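Me: I would like to learn how to read the sheet, the helices packed on it and the nonpolar cores. Could you take me through them in turn?

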Amino acid sequence: MVQNIIIRNYQSSDRETCRSLWRELTEWHRHIYQDSTIGGENLGEHFDNHLSKVGPSRIWVATIGSEVVGLVGLDVSGCETEIEPLIVTEAHRNQGVGTKLVEKAIFEARKIGTSLNVSPVARNTDAIHFFYNAGFTNLGRVELFMDFLNRKWKSHVKLQGCKLNY
Ligand SMILES: CC(C)(COP(=O)(O)OP(=O)(O)OC[C@H]1O[C@@H](n2cnc3c(N)ncnc32)[C@H](O)[C@@H]1OP(=O)(O)O)[C@@H](O)C(=O)NCCC(=O)NCCS
């Protein structure tokens, strides 16, 4: 584990880096689905919209030295809190940064006292394993799609006896 990973509250000077991290998150989804339309055109705006929605006190960044290398947020709605987003910049993955960010999110959500969920897309197998190992072992909602865009789906996972493409 890299020793000098610090998790701290978001501050306004982090905005540009956080926009860029969110862009990276969308690029990752574009990559795994081989679909360059995901996220629309102004990718940086997603962070700004999220910041307006949840507020700066529900966003934390990970730093190594003076560099912001990751981002986590909590979106509280009624008796549920969702981890959204979680992203570590590619060059700093597999060094324990994501684990520290998710631990912070869990710590803060426990104080809020709701349930805590996270909704990785079904094809994001790395993220699903990561969250499973972090303790997310209860399966909540399932989101089923009918696709009129003719995307290529992978075959298949089994759930409750149903074969589902993902
Ligand atoms: C998912 C994600 C946030 C994980 O971040 P990360 O910083 O790579 O996470 P960690 O380094 O803490 O853990 C990753 C793995 O590396 C291992 N690891 C941790 N520290 C390590 C180290 N020092 N050296 C080698 N491996 C290490 C962990 O055991 C973990 O293995 P696991 O996934 O089998 O549990 C990151 O991969 C990411 O940003 N992915 C793209 C965006 C995304 O999918 N976000 C989630 C959307 S819901």
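Reply: We begin with pairing: two strands count as paired if DSSP finds at least two bridges between them. In general, the strands of a sheet pair through backbone hydrogen bonds, either parallel or antiparallel. In this model, which is predicted, R8 has V61 in β2 as its bridge partner, and 5 bridges join β1 to β2 (residues 59–64), the two strands running antiparallel.

Me: What is the strand order of the open sheet?

Reply: The 5 strands follow the order β1-β2-β3-β4-β5, and their pairing is mixed. Because β1 (5–9) and β5 (115–117) each have a single partner strand, they stand at the edges, and one side of each is left without a neighbour in the sheet. From one strand to the next, the twist averages 25°.

Me: Which strands does helix α1 touch?

Reply: Helix α1 (residues 15–33) packs on the sheet by touching β2, β3 (67–77) and β4 (80–88), and its direction makes about 90° with that of β4. Helix α3 (residues 97–112) lies across β1, β2, β3, β4 and β5, running at about 30° to β3.

Me: Which residues have the most contacts inside the largest nonpolar core?

Reply: Within this core of 19 residues, they are V72, I83, V97, L101 and F131. At least two residues come from each of β2, β3, β4, α3 and α4 (125–133), while α3 gives the most, with 5 residues. Leaving aside residues up to four places away in sequence, V97 touches I5, A62, I64, V69, V88 and H92.

Notes. Residues numbered from 1 in each chain as written. Predicted model: local features only at pLDDT ≥ 70, side-chain atom pairs only at ≥ 80, totals over all residues. Heavy atoms only, no water. Helix = DSSP H or I, 4+ residues; strand = E, 2+ residues; numbered from the N terminus. Axes fitted to C-alpha atoms, helices over the stretch in contact; angles between N-to-C directions. Contact = heavy atoms within 4.5 Å. Core = buried A, V, L, I, M, F, W, Y, C linked by side-chain atoms within 4.5 Å. Buried < 20%, exposed > 50% of the residue type's maximum accessible area, 1.4 Å probe, protein only.
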